[in-house]
Amino acid sequence: MELRHLRYFVAVAGTGHFTRAAEQLGISQPPLSQQIQRLEHEIGTPLLKRLTRGVELTEAGKVLYDDALTIIKLTDAAFERTRAVARGINGTLRIGFATSTAFNPQVFALLHRFRDKYPGIVLEPQEKDMAGLMTAMGEGALDAAFIRLPCERSKDFSFKVLDIEEMMVALPKKHPLSQGKDVRLAALRHDTLITFPRDLSPGLYDAVTQACEDAGFTPRFGQQCPQITSALSMVATGFGYAVVPASLSKIDENNVRCLPLAGQTLTTQIALAWRRTDNCKAALHLVGLL
C-alpha cells in the first residue's frame with residue numbers, strides 16, 4: 001500500500017463518485033478505478049459499493065476512511081513541519097553566550113526581533129567561556145554564539161560586530177574615588193585589581209591589563225572571580241576594583257559604583273559568530289536580522 005492509494009480512496013469516498021474524484025486528483029478515471037481495486041485486493045475486502053450514480057462506503061470502507069483521513073492528516077503535518085524546519089521557520093536554534101554578553105541591550109534587541117519574526121523557532125541558550133564557545137561551534141554543538149572580540153579563534157568563523165561597548169571601573173561605594181564623575185586607572189595603581197581567569201575571555205583580560213600598563217603601572221592582581229559577572233559582587237565585598245563592560249553596570253548592586261575611564265578609552269566588541277559552512281537555516285535567519 002502506498003500513501004497515494006489512501007489519497008485516491010479518500011477522494012472517491014469524499015466525493016461519492018469516481019469521475020469527480022478523478023477530476024479532483026487530476027488523473028483519468030480508469031487508472032483511478034484500477035488503483036482502488038488494487039487497494040481492495042490488498043486489504044482483502046470491498047471498500048466501496050458501486051452504484052448507478054456513484055459509490056457508497058461499505059462497513060469496512062467506513063473504518064478505513066476514518067483512519068485514512070487521520071493518516072493523511074498526520075503525514076501532511078509531518079511533511080509541513082519538516083519543510084518548516086528546512087526553511088528555518090520551525091525547529092531550534094542553539095545559541096551560545098560568552099559570559100556577560102547576555103546583559104548587552106543590543107543582544108536583547110536582536111533576540112527579541114528574532115523571536116517576533118520566527119515564533120516557531122525555540123531558542124536553546126548556553127552560556128560558556130570563550131574557549132568553550134569556540135569548541136562547541138567547531139564541533140557543531142552550537143549554531144551561533146555571541147562572543148567578545150578580540151578572540152584569536154574568531155577568524156575560524158564568520159562574524160559580525162553587534163556593538164562596541166565601553167569598559168568602566170567598578171569601585172566599592174566607600175572607595176574615596178567612587179564619588180567622582182570618572183576615574184583614572186593610574187589613580188588605582190595601589191589598589192587590587194579583581195580579574196577573572198584569562199581563558200574565560202583572553203582578549204578582554206589582555207585589554208584590561210594592557211590598559212593598566214598604558215596608564216603607567218602593572219596591576220596588583222588579587223582574588224580572581226569565577227566569572228566576569230561575579231566581579232561586581234567581589235567589588236561590593238571589598239576585594240578591590242574591577243574593569244567591566246558597561247552593560248554590567250546596569251546590574252543592581254547597592255555597594256558598587258561604576259564610573260567611566262578618564263584619560264583613555266577602553267572598549268570591547270560584541271559580535272555574533274556562526275560557522276562558515278554547514279549552517280542551519282535558523283542561524284542564517286538570525287544573521288539576516290543583523
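Colleague: Which residue follows H2, and what is its phi?

Modeller: In this predicted model, H2 is followed by Gly-26, and the phi of Gly-26 is positive, near 80 degrees.

Colleague: What makes the buried residues of H2 line one face of the helix?

Modeller: Helix H2 covers residues 18-25, and its buried residues are Phe-18, Ala-21 and Ala-22. When one looks down the axis of H2, these buried residues fall within an arc of 100 degrees, and therefore they line one face of the helix. On the other side of H2, Glu-23 and Gln-24 are exposed, which means that each has a relative accessible area over 50%.

Colleague: Why does Pro-245 count as buried?

Modeller: Buried means under 20% relative accessible area, and Pro-245 has a relative accessibility of 1%, so Pro-245 counts as buried. The residue lies in strand S9 (residues 242-245). Leaving aside residues up to four places away in sequence, Pro-245 touches Ser-100, Arg-148, Glu-165, Glu-166, Met-167, Leu-204, Ile-228 and Thr-268.

Colleague: How far apart are Pro-245 and Thr-101 in sequence and in space?

Modeller: Pro-245 and Thr-101 are separated by 144 residues in sequence and, C-alpha to C-alpha, by 9.0 Å in space.

Colleague: Why is Ser-247 called buried?

Modeller: Its relative accessible area is 5%, so Ser-247 is buried, the cut-off being under 20%. Ser-247 is found in the loop between S9 and strand S10 (256-260). Not counting residues up to four places away in sequence, Ser-247 touches Ser-100, Phe-103, Asn-104, Pro-105, Arg-148 and Glu-165.

Colleague: How do you know whether Leu-142 is buried or exposed?

Modeller: The relative accessible area of Leu-142 is 0%, and therefore Leu-142 is buried. This residue is found in the loop between H6 and strand S5 (144-149). With residues up to four places away in sequence not counted, Leu-142 touches Arg-94, Ile-95, Gly-96, Gln-126, Leu-133, Ala-136, Met-137 and Arg-275. Leu-142 and Leu-261, by C-alpha to C-alpha distance, are 35 Å apart in space, and they are 119 residues apart in sequence.

Colleague: What are the domains into which the protein is divided?

Modeller: The division gives domain 1 (3-87), domain 2 (91-162 + 269-288) and domain 3 (164-267). The C-alpha centres of domain 2 and domain 3 lie 26 Å apart, and the contact takes 13 residues from domain 2 and 16 residues from domain 3.

Colleague: Why is the largest pocket said to lie between domain 2 and domain 3?

Modeller: Both domain 2 and domain 3 give residues to the lining of the largest pocket, so the pocket lies between them. Its lining consists of Met-130, Ala-131, Met-134, Pro-150, Cys-151, Glu-152, Arg-153, Arg-198, Asp-199, Pro-202, Gly-203 and Asp-206. The elements that give two or more residues to this lining are helix H6 (130-139) and helix H7 (202-214). The largest pocket has a volume of about 190 Å³, and the residues of its lining divide into 6 nonpolar, 1 polar and 5 charged.

Colleague: How many cavities of 30 Å³ or more does a search of the whole structure find?

Modeller: The search finds 1 cavity of 30 Å³ or more, and about 80 Å³ of space lies in the largest cavity.

Colleague: What classes of residue make up the lining of the largest cavity?

Modeller: By class, the lining has 11 nonpolar, 1 polar and no charged residues. Among the residues that line the largest cavity are Leu-193, Thr-195, Phe-196, Tyr-205, Ile-228 and Val-243. Strand S7 (192-195), H7 and S9 each supply at least two residues of the lining.

Key:
Residues numbered from 1 in each chain as written. Predicted model: local features only at pLDDT ≥ 70, side-chain atom pairs only at ≥ 80, totals over all residues. Heavy atoms only, no water. Buried < 20%, exposed > 50% of the residue type's maximum accessible area, 1.4 Å probe, protein only. Helix = DSSP H or I, 4+ residues; strand = E, 2+ residues; numbered from the N terminus. Arc of directions from axis to C-beta. 1 Å grid on protein atoms, 1.4 Å probe; cavity = no way out; pocket = protein on both sides within 12 Å on 5 of 7 lines; lining within 4 Å. Points joined across faces, edges and corners; volume = space filled by probe spheres on them. Nonpolar A, V, L, I, M, F, W, Y, C, P; charged D, E, K, R; others polar. Domains from an automatic or database assignment. Contact = heavy atoms within 4.5 Å.
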